[in-house]
Every structure is written in C-alpha cells, then in structure tokens.
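Hi,

Here is the structure I said I would pass along.

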Amino acid sequence: MSIANAVGAAAAGRASHSPNPWLIAVVVSVATFMEVLDTTIANVALPYIAGGMAVSPDEATWVVTTYLVSNAVILTASSHLAKALGRKPFFLVCLALFTASSILCGFAWDIRSLLFFRVLQGLGGGGMVPVSQSILADAFPPEKRGQGFALFGIAVVVAPVIGPTLGGWLSDNYSWHWCFLINGPIGLLSIAMVAFVLREPDDRPSAPPFDLVGFLLVSIFLGSLEVVLDRGQREDWFGSNFIVGFAILSAAAFAFMIPWEATRENPVVDIRMIATRQFGACFVVMMALGAVLIATTQILPQLLQLSFGYTATLAGLVLSPGGVVTMATMIVVGRLSSLVQPKYLIMAGAAIVALSIYNLTSLSGDVDFWYFARTRIYIGIGLPLIFIPITTASYQGLPPDKTDQASALINVARNVGGSVGVSLAQNVLARREQFHLNRLAENTIPSNIQFQEALRRATEHFLALGGTASEARRQAVIWIGRQMQTQASHLAYIDVFYALTLVAATIIPLAWFLRRVRLGASNSAPSH
C-alpha cells in the first residue's frame, strides 16, 4: 500500500510541475499571432515603403514575396530542427530571430537591406507556427484539443484580418517602419514567457539523420512555386522568361521530390501522410481554407481603396467586425468540437462562408461600409467552424512522434493555399476586367442610340459648367471612359467573388471524406 501511495505522490508531483495547458496555449498563440500578422500587415504599407525608399511599386512588392518564400522553405525543416534542438530551444531561436529581424526591418536603410531582413524574418516566423501547433497538440489531451486550438485559431485566422487595419493605421498616422518595429516589445515579452512557461519533455525523441536532399528538393519546389504565384500576374505569367524559369524549376523539383521522399525512412516531409484518407482530406481542406481566408482579406481592402476611395485605415476597419465575431465564434466552436463530428462542423462552416462570399456578387457602386462589414461578419462566423475541426481532425490517429510533421504539413497547406487564393483572385480580376472593358467598348459606337444619348447628356452637363462645345464634348468622352472603367472593374470583382465562392463550396464535399471520430474520449495515441 505504501508503494502505491509513493507512486501516486510521485505522479502528483510531476503533474504539479507541469504547466497549465491553457497557459501554454496563451504563450504560443501570442507568438503565432505576431508571426501571422506579418503576412498581411505590410500589404497596405507597400505604397509608403515604395515612396520612402524611392523604388517602384513593383520593387516594393518583393517585401511580401521574400517573406512568403523564406517562410515556406523553413516550414519543411521545422520538424527535424525541433527534434534535433528540442522544441523549446528551437522555438526560442525562431522567436529571437523573428524579433531581431523585425526591428532591423524597421531600421532598414534601403530596399536591399529590407529584403534581406524580411528573409530572416520569414525564416524565424516560419519555424514558430508549426512548432506552436505541435506543442498545443501534445499539451492537451485529444478530447480537449479543439478547445486548445480555438485559442490558436484566433491567432491564425484573426491576425490576417487585423493586419491590414493595423498596418493601414500605422502607415497613415505614423510611419511604415512601425509595421515592423511593433514586433520588438511584443517579441521580447514572448521570449520571456516562453522561457518561463514551456517545458521540454523528458522523453524527447532523438532526431533521425537529416534528409538534406529531400529538404533541398522541397525548398526549391515550394520557394519557386511561391515566386510563380506571387509574381505571376505582375510579370505576365508565362509571357515572362522569369516566371517560366521558376515554373520549370518548381516542376522539376516536384518530379524528383515525390519518389525521393516516398522511399526515405525518415523524409524531411512525409508525403505518405498526405496519401492517407484522413490527413489527405485535412490537407486539401486547409489549402482551400487558406485560399479563401487570405484572398478575401487582401481583395476587399484593395476593392475599397481603389474603387470606393477608402483610406488604408478605413478599408482595414471594414474587416475588424468580422475579426471580433471570429474570436467569439472560436470559443463556441472549441466546445462544439467535442460534441459534434468534425465533418459536419466543416460542412456547415463552408456553406456559411460560400454563401457570405456569394452575397458580395450583388456589388454595386452605391453600397456602404456596412454592406462589406456585414459580409465579413458572416465569413467570421463560418471560418472557425472550418479551422478548429480540420486542425483537430488532422491529428486523429497520429502517434506523438508525427505531430511535428503533421503541424509542418498543415501549415504548408495553409501558406500555399493562401498564395494560390491570392494569385487566383488577382488573375481573375485582371483578365475579367479587360474582358468586360472590351464588351463595354463594343457599344461605344455612333450607331448605338444609348451611347449617343449618354454622350449628348454629358456634353450638355459640361457645357452648363462653362467652356466651348468642343471642350465639353471632349470632357464628356473622358467621363464616359471613366464610367466604363469603373463598371468593368466592379464586374471583374464580382467575377472574383464568384470564383472564391466556388473554392469555399469545394470544402463541403471534401469534408465528407473525413472519418468519424470518437468524441469526448481519447482516440489517438497518448501525447507526451
């Protein structure tokens, strides 16, 4: 009896020294929030960066591209590095690198130095997110992971929404430098919290030999793919030798990567996991979710600033009500995830998101602030219904030594999906705007009665303002041209929303492939 008591006391002692999982969730979510925020905070500041550094707007967009590429590259190695160094040391190294490079970005003296520091920032940030996710997966028992991922989901889903708002406000009222400098104090606080709260597990598995060839192939594939997706529209896609070169490089790396990684005992990316029914479905759904989340977050402020004359701050504020609703919904869905099968929550969330985006296809020139804000609120209700269940379901049935690998792959899916979504939206926008402009121009001919009537009324209007008849007619033609451009732009944005509606709708049948899981009980290997 005394032996049993001693064993019980020892177990109680170990438990008492284990950090509260909710405290762990808060600590890693703060760091994750800061990293994900930087994927969008610089987007609205690009015109300010271009002006401040005396470069073209096209050169300034490399500030976003370099971050995405370095972020994608380090994701694939995060699993091995976390095992080799230990999760806590690796997390601290990534957090310190991210914080230091953020401060250096704020003090960059030219565009080259800024791009170099953004690469370092992407390397540090890219390593944090998958490790944060795997730390949470092991800190919470399987039946409570949904609640833990609810807090993590606030960081991942809400941060891209807040990014344009915060970035616009800082750029409008202070300076674009503060979009990066703001990470300094928060990063230092996060480093202190991580050092104090996180514990390295006693049974940490030893790291297998590093798959250097696999890492190089995966890095080339993802890095080149990110360049193609992010720069394709600006470079005229395959009309550019630059894009063709990176596309060939990406395709070649992918062709060699598949057989190499599939036959390794310890691959840097276990692509065999993607071939399974459960994890494969989660991977594809997360790609679609990333596409919808990032594309809508970028396209709405762009529409409001270019077509409706909103400032960067006001355009960002349109997204804010949706962010607040998302935070509240995350808490509710975190509890629902232990009561309802993931597939049903995901299907409901995808239906809400698809219908919300479809509502934007009724866009017209006289819609107000709350038309867009209400749509974003509805999207904010649907996103948590997808994110938390799909994140939780991706770990179902996985042994503890696979959680780091699963985290890396799920975050690769979200990042690549986001790039695909933005590329799709921008490509549809550019091509459909030209299409609609050509169709409208076909009616601006002398034989068209409506055109002649519009020209006559516009000419009379400008005559009434003063000036000669020839000058009034010239102004009328210019005014009609601007109206055509505006109308073509609105129609193109409507086409973008149709495309994103289809992307969101594809999640519904994909979710059906997910297996049923045992709710409220452990249904996977024990965590460590």
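Predicted model: local features only at pLDDT ≥ 70, side-chain atom pairs only at ≥ 80, totals over all residues.

Helix α11 gives the patch its largest share, three residues. Ile220 sits in α11, and at 36% relative accessibility Ile220 counts as partly exposed.

The largest pocket holds about 1,100 Å³ of space. Its lining runs to 41 residues, and those nearest the centre are Asn43, Arg234, Gln298, Gln302 and Gln426. Several helices give two or more residues to that lining: α3 (46-52), α4 (57-60), α5 (62-85), α11 (212-231), α13 (277-307), α17 (403-441) and α19 (469-511). Which of them gives the largest share? That is α17, with ten residues. Sorted by class, the lining has 18 nonpolar, 18 polar and five charged residues.

Next, charge pairs. As a reminder, side chains of opposite charge can pair when their charged atoms come close. How many salt bridges does a search of the whole structure find? The search finds two.

- Asp495 pairs with Arg432, and their closest N and O atoms are 2.8 Å apart. Asp495 lies in α19 and Arg432 in α17, so this pair ties together parts that are 63 residues apart in sequence. Asp495 counts as buried at 16% relative accessibility, while Arg432 is partly exposed, with a relative accessible area of 30%. Both helices also turn up in the list of those giving two or more residues to the lining of the largest pocket.
- Arg272 pairs with Asp270, with 3.1 Å between the closest N and O atoms. Here Arg272 is partly exposed at 36% relative accessibility, whereas Asp270 is buried, with a relative accessible area of 6%.

Ala54 has a positive phi of about 55° although it is not a glycine. You will find Ala54 in the loop between α3 and α4. Is Ala54 buried or exposed? Its relative accessible area is 72%, and because exposed means over 50%, Ala54 counts as exposed.

Finally, two residues that make handy reference points when you are finding your way around:

- Ile379 belongs to α16 (residues 369-393) and is buried, with a relative accessible area of 1%. From Ile379 to Ile182 it is 28 Å in space, C-alpha to C-alpha, and the two are 197 residues apart in sequence.
- Leu189 belongs to α10 (residues 183-197) and is exposed, with a relative accessible area of 53%. Leu189 and Trp178 are eleven residues apart in sequence and 17 Å apart in space, C-alpha to C-alpha.

That is what I have for now.

Cheers

Notes:
Residues numbered from 1 in each chain as written. Heavy atoms only, no water. 1 Å grid on protein atoms, 1.4 Å probe; cavity = no way out; pocket = protein on both sides within 12 Å on 5 of 7 lines; lining within 4 Å. Points joined across faces, edges and corners; volume = space filled by probe spheres on them. Helix = DSSP H or I, 4+ residues; strand = E, 2+ residues; numbered from the N terminus. Nonpolar A, V, L, I, M, F, W, Y, C, P; charged D, E, K, R; others polar. Buried < 20%, exposed > 50% of the residue type's maximum accessible area, 1.4 Å probe, protein only. Salt bridge = Lys/Arg side-chain N within 4 Å of Asp/Glu carboxyl O.
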